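Hi,

Here is the structure I promised to pass on.

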Amino acid sequence: MIKILVDSASDIEKAEADAMGATLIPMQIRFGKEEFLDGVNLGHLKFFEKLIESDELPQTSQINEFRFKESFSSLTADGSEVIAITISSKLSGTYGCAVKAAAEFGGKVHVVDSNNACVGERILFEYALRLVNEGTLSAAEIVAELNEKKNKIQLLAVLDTLKYLRKGGRISSLTAAAGEMLSIKPVISITDGEVKVVGKAMGSKKGNNLLTQLVDKCGGINFSMPYALAYSGLSDAYLKKYLADSEKLWKGKTDDLPSYMIGSTIGTHAGPGAIAVAFFAN
């Protein structure tokens with residue numbers, strides 16, 4: 001039997017992972033002196049409620065070697081093999097801890113660096129589940145397929161505010177103030193495993209249009225593979241507006257537009273009001 005484990009940087013919550021027949025290993029999040037398990041006792045909605053109310057950004061801890069060993073030991077106890085999918089190794093030390101833990105299980109545990117996060121990591125996880133459920137490939141063959149296909153994943157997002165990038169020290173207060181005054185909407189991607197700003201637009205309409213242009217520039221969406229939309233904050237209103245603005249991407253190609261709430265890993269820095277699209281490029 002092959003089992004899938006994924007970390008909560010994929011924005012999957014425990015109840016959802018359980019329903020999909022997978023195992024979630026959560027990041028730890030601290031708001032001041034309060035500590036939570038991401039997607040377990042701190043859901044995405046509650047996370048954004050606390051983020052909006054808090055003066056300081058929360059702190060997220062990587063998943064350590066000991067916690068991975070506990071999970072791997074439990075999952076392999078019946079002789080199963082495990083494929084563990086983690087956040088990009090360039091964004092967190094979680095992957096390295098998983099690799100060290102896996103070394104003690106005699107080849108029964110395989111660790112895949114998603115080279116991504118958020119819904120970019122999620123769609124790689126969904127593809128892994130698809131391959132496991134098809135039942136035709138070994139664990140090693142699935143890992144090889146994931147490592148090949150992950151390079152085609154595109155994650156693009158447009159942010160509504162620069163406030164949280166400023167709070168996290170990723171841009172200066174002056175840059176943030178100027179950007180807010182001009183209603184600048186940065187578009188970010190995860191490229192080669194790292195978060196990068198790939199464009200800027202004035203206003204939400206132009207931000208949505210730029211996001212759509214970048215999807216086209218990537219080669220368009222492979223609708224035979226998993227894809228997802230996402231939003232951050234307490235409302236999906238911006239996502240609905242984006243879907244109306246980007247109708248040409250979807251119309252006549254799919255009736256299914258799966259959408260999810262962004263969690264803490266990217267949400268801490270993006271803040272509320274962001275929208276994202278993740279897909280395997282053609």
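**Salt bridges and cysteines**

Let me start with glutamate 16, which is partly exposed at 27% relative accessibility (buried is under 20% relative accessible area, exposed is over 50%, and partly exposed is in between, using a 1.4 Å probe and protein chains only). Before going further, a word on the source: this is a predicted model, where local features need pLDDT of at least 70, side-chain atom pairs count only at pLDDT 80 or more, and totals for chains, interfaces and linings use all residues. Residues are numbered from 1 along each chain as its sequence is written, and side-chain values use heavy atoms, with hydrogens and water left out.

What does glutamate 16 pair with? Its side chain meets that of arginine 122 in a salt bridge, at 2.3 Å from N to O. The term here means a side-chain nitrogen of Lys or Arg within 4 Å of a carboxyl oxygen of Asp or Glu. This pair links distant parts of the chain: glutamate 16 sits in helix H1 (residues 14-19) and arginine 122 in helix H5 (residues 118-134), 106 residues apart. Helices are DSSP runs of H or I with at least four residues, numbered from the N terminus.

Arginine 122 is buried, with a relative accessible area of 1%. There is a second salt bridge on arginine 122, this one to glutamate 126, with 2.9 Å between the closest N and O atoms. Those two residues are both in helix H5, four residues apart, or about one turn of the helix. Glutamate 126 is buried, as is arginine 122.

Elsewhere, aspartate 236 and lysine 240 also meet through their side chains in a salt bridge, at 3.7 Å from N to O. In total, the structure holds 14 salt bridges.

Now the cysteines. How many disulfides are there? The count is zero, taking a disulfide as a pair of cysteine sulfur atoms within 2.5 Å. Cysteine 218, for one, is in no disulfide, and the nearest cysteine sulfur, from cysteine 118, is 16 Å away. Cysteine 218 is partly exposed, with a relative accessible area of 24%, whereas cysteine 97 is buried at 13% relative accessibility.

Cheers
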